[in-house]
Amino acid sequence: MIFPPGKMQELQGIAVSPGVAVGEVLVMDYEGFRIPRRFVSRDAVEDELERLGKAVAAAGEEIARHRDAVSHELGTKYGGIFEAHLQMLNDAQLRSELEAMIRQRHYSPEYAVSRTLHRYAQVFQKLESRYLAERANDIFDIEKRLLRHLLGRRREGISHLTSPVLVLAHNLTPSETANLDRRFVKGFVTEVGGPGSHTAIVAEALEIPAVVGTGPFLADVSGGDLVIIDGDKGLVILHPDEETVARYRHEAEEIRSLAVRLQTLRDLPAETIDGVRVQLYGNIEFPYEVDHCVDRGADGVGLYRTEFLYMSEDGEPDEEVHFQAYSRVVQTMGDLPVTIRTFDLGADKIAHQADHEDERNPFLGLRSIRLALRNLPMFRTQLRAILRASALGNARVMFPLVSTLLELRQAKMVLADVMEDLEEHGVDFNRDLPVGMMVEVPAAVMMLDHFVQEVDFFSIGTNDLIQYTLAVDRSNKNVVGMYNAADPAVLKLIAIAVRVGHQNSLPVNLCGQMSGSPTYTMLLLGLGLREFSVTPGAIPEIKKICRSVTIEQCEAVARHATSMENARDIKSYLRGALQKHVPELAQ
């Protein structure tokens, strides 16, 4: 193994998808450039030097044109900005360094440019003078300009990968994350983001280690560098030494070994020591994930998030696209239930084809069921497909982010209208299709004794419930530390929801990320929860906990946890309880 030069650095981010990955990185800049592998063959060096020369010349001509145009329009003072860029680009020392990296180290021109200019930028960034520190942006501008000319038509998107990589980016949208090639992307890190973001949710679906919210670091790393992603502790290690790599490779092997041992539980029920049966369902985003549910021994699909269907298509998906996706999942699960949630678009999940106005507070704006009731043709198309798929197996429908009885009743009226339309056209569907709702806002919990008269089941969505209860934007790095599932207020709302469900003999599921975290399993069992919906990869761990404890033990844990006053102490206590009862899963 050849370790790249550079001092080992540890970055603390937010762990959003577990696991460990060690490998070469693919760096995505703000414009989505990916820098190719670093080495070129010896006999290609002269050709690569010629390519670098052409790129420098082309970039120089481009900068000169901009300089002249700006000088003409705004005056020479502003044109001087581009003149400075031109002088940097044509600096003899820079050119000499780039050529030496290609000749002596056989680096590709792209890698040489990225690595050298990043180093130059770091020098400026460390200067105490704010004016000089800002010159780093000029260097990054020159880097991007050179990369455009070097990559030209050979510029590749993130979806065209041919070898395993770890993706490092400033940010990845949920749709970009959804389109990652899971054959080759073995983990990712972003400078921004938070837990519960939909980018994080997709990372879990892809079952790859992911860390977000590290803060700026892309200037310290170049394509091809070796990096370690610790998705359990939220650590990213740049330029690791051999000892650190060996330690993490050993840890990755231990994780794989544990996964193999847990897989032996696949065909066993999630049943506590004292004989209480727990239902473990899978959360999925994409149709292929239903195979993961089957492989992990899921009791069904507790949450099929359908919005990524909209993000992955060139245009709004038609009824047949919906139907094919749903029927694949429903038929694969056979008699086991599949809960299809209607689209939860808006906020950080924007369908590219829709016309969205800017909103000051998108999480409090037109999203989810509100958006569906404003876009009835789109809503009806999805409901028709769900109903058609219901004829093929045990499908259920669930409405997201319901906050008032009026919203729920309007959604049910649209569903009834679509049913009537299908009946008139002789289309098969399940007339007794179970209808449920997501409980994601405090208002829904407070009115749950009324909602339970209107639905067949409900599911607690903790990702949004935490956000709305604590008034914390889960994607805002400035307040992300306050987003905590262990907060006493959140636990009280969950306890109320579970209790109301039981009092009305209604099935209660919990499908947020909290349900797939081993830290909270005993607490949730102690609060009375008997249905968990988790990412398929989390099913074996949650099943192991269920089969290692009694309900009496869990109720004792819940009583103590809910008597505590702050999230930090509660989480520490819950980790201690897990360590005591299931030490192999404690972190």
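Mentor: Helices are DSSP runs of H or I with at least four residues and strands are runs of E with at least two, numbered from the N terminus. In this structure, Glu48 lies in helix α1, which spans residues 45-74. The model is predicted, so to speak of a local feature requires pLDDT of at least 70 and side-chain atom pairs count only at pLDDT 80 or more, while totals for chains, interfaces and linings use all residues. Residues are numbered from 1 along each chain as its sequence is written, and side-chain values use heavy atoms, with hydrogens and water left out.

Trainee: Does Glu48 count as buried or exposed, and why?

Mentor: Buried means under 20% relative accessible area, exposed over 50%, and partly exposed in between (1.4 Å probe, protein chains only). Glu48 counts as buried because its relative accessibility is 13%.

Trainee: Which residues are in contact with Glu48, leaving aside its neighbours within four places in sequence?

Mentor: Contact means heavy atoms within 4.5 Å. With those neighbours left aside, Glu48 touches Val40, Ile102 and Pro109.

Trainee: What is the order of the strands in the open sheet?

Mentor: Two strands pair if DSSP finds at least two bridges between them. The open sheet has eight strands in the order β1-β8-β7-β3-β4-β5-β6-β2, and its pairing is mixed. β1 (9-12) and β2 (14-17) are the edge strands, each pairing on one side only. On average, neighbouring strands of this sheet are turned by 30 degrees against each other, direction ignored.

Trainee: Across which strands does helix α9 (residues 242-262) lie?

Mentor: Axes are lines fitted to C-alpha atoms, for helices over the stretch in contact, and angles run from 0 to 180 degrees between N-to-C directions. Helix α9 lies across β3, β7 (226-230) and β8 (235-238), and runs at about 115 degrees to β3.

Trainee: At what angle do helix α14 (residues 376-390) and helix α15 (residues 405-424) pack?

Mentor: The angle is about 60 degrees, with the axes of α14 and α15 10 Å apart. That makes α14 oblique to α15. Angles under 35 degrees count as roughly parallel, over 145 as roughly antiparallel, 65 to 115 as roughly perpendicular and the rest as oblique.

Trainee: How do helix α22 (residues 551-562) and helix α23 (residues 567-581) cross, and at roughly what angle?

Mentor: Their axes come within 10 Å and cross at roughly 160 degrees. α22 is therefore roughly antiparallel to α23. Gln553, Ala556, Val557, His560 and Ala561 in α22 meet Ile570, Tyr573, Leu574, Ala577 and His581 in α23.
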